[in-house]
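Q: I would like to learn how to read a model of this kind, one feature at a time. Where should we begin?

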Amino acid sequence: MTVAEIVMGIILLLCCLVIIFLCLSQDSKAQNSMTSAITGASSDSFYGKNEGRTKEAKLIKATKISLIVFFVLTLAINIVPLVVK
């Protein structure tokens, strides 16, 4: 193993822990969608208009960014040994 593989492996492990933490800290959406389907709630409310600024929206955005970093880093870890040889 090269130093680059070890460093990327450590970063990948940290990225996995961040993704797990972000996923566990998000609320479940299944209950909210059923409630809005029954009550007929729309996104015209104050909450609906400012949905992108909430804590949930920030968690979702951070999760998406972490998953992209995870995917790219996984590809990089598998490509680096091929290039070094």
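A: Begin with Gly-9: at 30% relative accessibility it counts as partly exposed, where buried means under 20% relative accessible area, exposed over 50%, and partly exposed in between (1.4 Å probe, protein chains only). Gly-9 is found in helix H1. The model is predicted: local features need pLDDT of at least 70, side-chain atom pairs count only at pLDDT 80 or more, and totals for chains, interfaces and linings use all residues. Residues are numbered from 1 along each chain as its sequence is written, and side-chain values use heavy atoms, with hydrogens and water left out.

Q: How many helices and strands does the protein chain have?

A: Helices (H or I, at least four residues) and strands (E, at least two) are DSSP runs, numbered from the N terminus. Here there are four helices and zero strands, so the order from the N terminus reads α-α-α-α.

Q: In which helix is confidence lowest, and in which is it highest?

A: The score is pLDDT, the predictor's confidence in each residue, from 0 to 100. Where pLDDT is low, the predicted coordinates should not be read in detail. The protein chain has a mean pLDDT of 78, with 69% of its residues at 70 or more. Helix H2 (residues 30-39) has the lowest confidence, a mean of 56, and helix H1 (residues 3-25) the highest, at 90.

Q: What span should H1 have, at 1.5 Å a residue?

A: The expected span of a helix is 1.5 Å times one less than its number of residues. For the 23 residues of H1 that gives 33 Å, and the end C-alpha atoms are 33 Å apart, which agrees.

Q: Which residues of H1 are buried?

A: An α-helix has 3.6 residues a turn, so residues three or four places apart point the same way. In H1 the buried residues are Glu-5, Met-8, Leu-12, Cys-15, Ile-19 and Leu-22. Helix H4 (55-84) is included in what covers them. Over the whole protein chain, buried residues make up 18% of the 85 residues.

Q: Which residues form the nonpolar patch on the surface?

A: Like charges are joined within 9 Å, and nonpolar side chains (Val, Leu, Ile, Met, Phe, Trp, Tyr) within 5 Å. This patch consists of Ile-6, Ile-10, Leu-13, Leu-14, Leu-17, Ile-20 and Leu-24, with about 720 Å² of accessible area together. Areas come from the Shrake-Rupley method with a 1.4 Å probe; for residues, only the protein chains shown count as cover. Ile-6, in helix H1, is partly exposed at 42% relative accessibility. The protein chain exposes about 6700 Å², of which carbon and sulfur atoms supply 72%.

Q: Is Thr-63 buried or exposed, and what is it in contact with?

A: Contact means heavy atoms within 4.5 Å. Thr-63 lies in helix H4 and is buried, at 8% relative accessibility. Leaving aside neighbours within four places in sequence, Thr-63 is in contact with Leu-22, Cys-23 and Gln-26. Among contacts in the protein chain between residues at least 6 apart in sequence, 92% join residues at least 24 apart.

How values were computed:
Patches are made of residues with over 30% relative accessible area and no salt bridge: like charges are joined within 9 Å, nonpolar side chains (Val, Leu, Ile, Met, Phe, Trp, Tyr) within 5 Å. A salt bridge is a side-chain nitrogen of Lys or Arg within 4 Å of a carboxyl oxygen of Asp or Glu.
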